[in-house]
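Have the coordinates open while you read.

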Amino acid sequence: MDHFVYRDNQLYCERVPLEQIARAVGTPFYCYSEQTLQHHFAVFRDAFAAAPHLICYSVKANSNLAVLDTLLQQGAGFDIVSAGELARVQRVGCPPERIVFSGVGKTSQEIRSALEYGILLFNVESVGELHRLNTLAGLLGRRAPVALRINPDVDPQTHPHISTGLRRNKFGIPYNQALALYREAATLPHVELLGLDCHIGSQLTALEPFVDALRRVLLLLNSLEREGIPLRYLDLGGGLGIPYEEGRLPPHPRLYASALLAELAHSPFAQRQGTLILEPGRVIAGNAGVLVARVEYSKEGEEKRFLILDAGMNDLLRPALYNAHHAILPVARRFGREERATDVVGPICESGDFFAHDRLLPTFQEGDLLAVRSAGAYGFVMSSNYNTRPRVAEVMVRGDRFAVVRRRESIEQLLENESLFGAST
Ligand code: LLP
C-alpha cells in the first residue's frame with residue numbers, strides 16, 4: 001500500500017498534488033511519501049514481532065538523510081556498506097548498536113571508523129577481512145563484533161545482476177569452508193564471534209529460496225552450537241521483492257516473516273532467544289517514491305511514438321541496467337485519449353536510455369508531467385552525472401506539506417572539483 005493516489009484526476013503524493021511540487025521545484029525530481037515509508041517499515045517490523053529481532057534498513061536502497069531519519073524514528077537500525085553510509089547514519093543520530101556493516105571490500109579506513117563508533121556487527125565475507133579486522137581491532141584495543149556471511153549456494157531466481165547467493169557469486173564465505181573459518185575465528189583474540197549472516201539476492205518474488213537458504217544456515221548454526229560456538233545473531237539479509245507490475249505480486253512481508261519464523265521455531269537458536277536481523281531495502285523504500293519528469297517532445301516515428309522526457313538513464317538507471325519494468329502514470333489524467341504503443345525515453349545519446357518500450361500509454365503533449373513509479377529504491381542513489389547532467393532534486397511529502405530534502409545540483413557544482421592541468425592547488 002502506498003500514498004500515491006489520484007484525486008480529481010490529479011496524481012497526489014499524500015495530500016500534495018505532484019503538479020504543485022513540479023511548479024515549485026522544477027523537473028525532474030524524486031518524490032518520497034513519508035507516510036508510505038513509515039507504513040512499509042511498520043508492516044515489516046510487526047511481521048517479525050513474535051521473535052527477538054532488529055530490522056536494519058539497507059541504506060544503499062535510498063540513503064537520503066530525511067528517509068533515514070524517518071526510519072530511525074520508527075525504530076530502524078541500518079545496514080551499511082561504506083564509510084559514506086556510516087557518516088549518513090551517524091548524521092541522523094543512529095546509535096552504534098543498531099548498525100551492521102556488510103560488503104566484500106571494506107577498506108582498513110572504513111573498518112577503523114566503524115570500530116571506533118562501536119557498531120553492532122561486521123558481516124565478514126573473507127578470511128582476509130577476518131584477519132584484517134582482528135589486527136585493526138587489536139591496534140585500537142577493542143574486540144571486533146563479527147558475523148560471518150555465508151554463501152549458502154541457493155538460486156534466488158532473480159535477475160543475474162542482483163543474485164548473490166550462488167557459489168559462483170563473489171559474495172560470502174563458501175558454505176563448505178564455513179565451519180573451519182568459524183573455528184579459526186573463535187581463536188582470534190580481538191574478534192568477538194557473534195553471528196551468522198546470509199543474503200542471497202534482491203527482488204526475490206518467491207519464498208522458497210529464502211527458506212532453502214535458511215535451512216542451509218540452520219544446519220550450520222546447529223553444528224556450531226554442538227561445537228560450543230553458540231551465536232547471538234542470525235542475519236538473513238534483505239531481498240524481498242516488490243510489485244513493479246500489476247498482477248505480479250511477490251509475497252507479502254507477513255507471509256515472508258511467517259515462513260522464516262516457522263522454519264526457525266524449533267531450532268536451538270530460537271530456543272535460546274537468539275536475535276534475528278533483517279536488512280530490507282527495496283520493500284521499504286521502493287514503492288514510497290516516484291520520479292516525476294516532463295515530456296519535452298512527443299515524436300511520431302515510423303512504427304511508434306516516442307515520448308522524450310527531461311529525465312534520463314542517468315537519473316534512473318534500472319531500465320537500462322536490468323531491463324526493469326517501472327509503471328508510468330500521467331500526473332494529470334485525461335480521459336478519452338487513445339492509448340498507443342509508446343517508447344518513453346530520455347535525452348541521452350544511447351539506445352539504453354529508456355524508461356519503457358512499447359508501453360500502451362495515452363497521448364501526451366509537450367509539457368505534460370509523468371510519474372515513473374516504484375523509484376524510491378535504487379533510483380536516486382544510482383543516479384550519475386553522465387552527460388554533465390546535474391542530479392535532480394529529492395522531495396519528501398508529509399501530509400499536506402512538502403520539503404526539498406536534497407537540492408537539485410547546479411552545473412557550477414559539477415565543475416567545482418575539476419581544474420586544468422597544473423592549475424590545481
Ligand atoms: N543486504 C545486503 C548485504 C545487500 O547486498 C542488499 C542489496 C540488501 C541487504 C538489500 O536488499 P533489498 O531488500 O533491497 O533487495 N541495484 C539493484 C539492487 C541491488 C541490491 C544489492 N544488495 C536494483 O536496482 O534492483
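## The enclosed space

The structure holds one cavity of 30 Å³ or more. On a 1 Å grid over the protein atoms alone, a cavity is a set of points where a 1.4 Å probe fits but cannot get out, while a pocket is an open set with protein on both sides within 12 Å along at least five of seven lines; lining residues have an atom within 4 Å of a point. Points are joined across faces, edges and corners, and a volume is the space filled by probe spheres set on them. This is a predicted model, in which local features need pLDDT of at least 70 and side-chain atom pairs count only at pLDDT 80 or more, whereas totals for chains, interfaces and linings use all residues. Residues are numbered from 1 along each chain as its sequence is written, and side-chain values use heavy atoms, with hydrogens and water left out.

The largest cavity has about 60 Å³ of space. Lining it are Cys198, Ile200, Phe210, Ala213, Leu214, Leu236, Gly238 and Leu260. By class that makes seven nonpolar, one polar and no charged residues; here Ala, Val, Leu, Ile, Met, Phe, Trp, Tyr, Cys and Pro count as nonpolar, Asp, Glu, Lys and Arg as charged, and the others, Gly among them, as polar. Helix H8 (residues 208-226) gives the most to this lining, with three residues. Helices (H or I, at least four residues) and strands (E, at least two) are DSSP runs, numbered from the N terminus.

## Two domains

The domain assignment gives domain 1 (4-31 + 286-415) and domain 2 (34-285), with bounds that come from an automatic or database assignment. Their centres, taken over C-alpha atoms, are 32 Å apart. Across the boundary, 22 residues of domain 1 are in contact with 24 residues of domain 2, contact being heavy atoms within 4.5 Å.

Of its 28 lining residues, Met1, Asp2, Pro243, Leu249 and Asn287 are the closest to its centre. Helix H2 (34-47) supplies the largest share of the lining, four residues. By class, the lining has 15 nonpolar, eight polar and five charged residues, and at least three residues come from each of domain 1 and domain 2.

The second largest pocket holds about 600 Å³ of space. It has 29 lining residues, with Lys60, Thr164, Phe171, His199 and Tyr378 nearest its centre. This lining has seven nonpolar, 13 polar and nine charged residues, and it too draws at least three residues from each of domain 1 and domain 2.

Helix H6 (residues 127-139) passes a simple length check: at 1.5 Å a residue, its 13 residues should span 18 Å, and its end C-alpha atoms are 19 Å apart, which agrees. The expected span is 1.5 Å times one less than the number of residues. Just after H6, Gly141 takes a positive phi of about 70°.

Which residues of H6 are buried? They are Glu129, Leu130, Leu133, Asn134, Leu136 and Ala137, where buried means under 20% relative accessible area (1.4 Å probe, protein chains only). Their cover includes helix H5 (108-117), strand E8 (121-124) and strand E9 (144-151). Leu133 has a relative accessible area of 0%. Leaving aside neighbours within four places in sequence, Leu133 is in contact with Ile111, Phe122, Val124, Ala144 and Val146.

Conventions
Buried means under 20% relative accessible area, exposed over 50%, partly exposed in between (1.4 Å probe, protein chains only).
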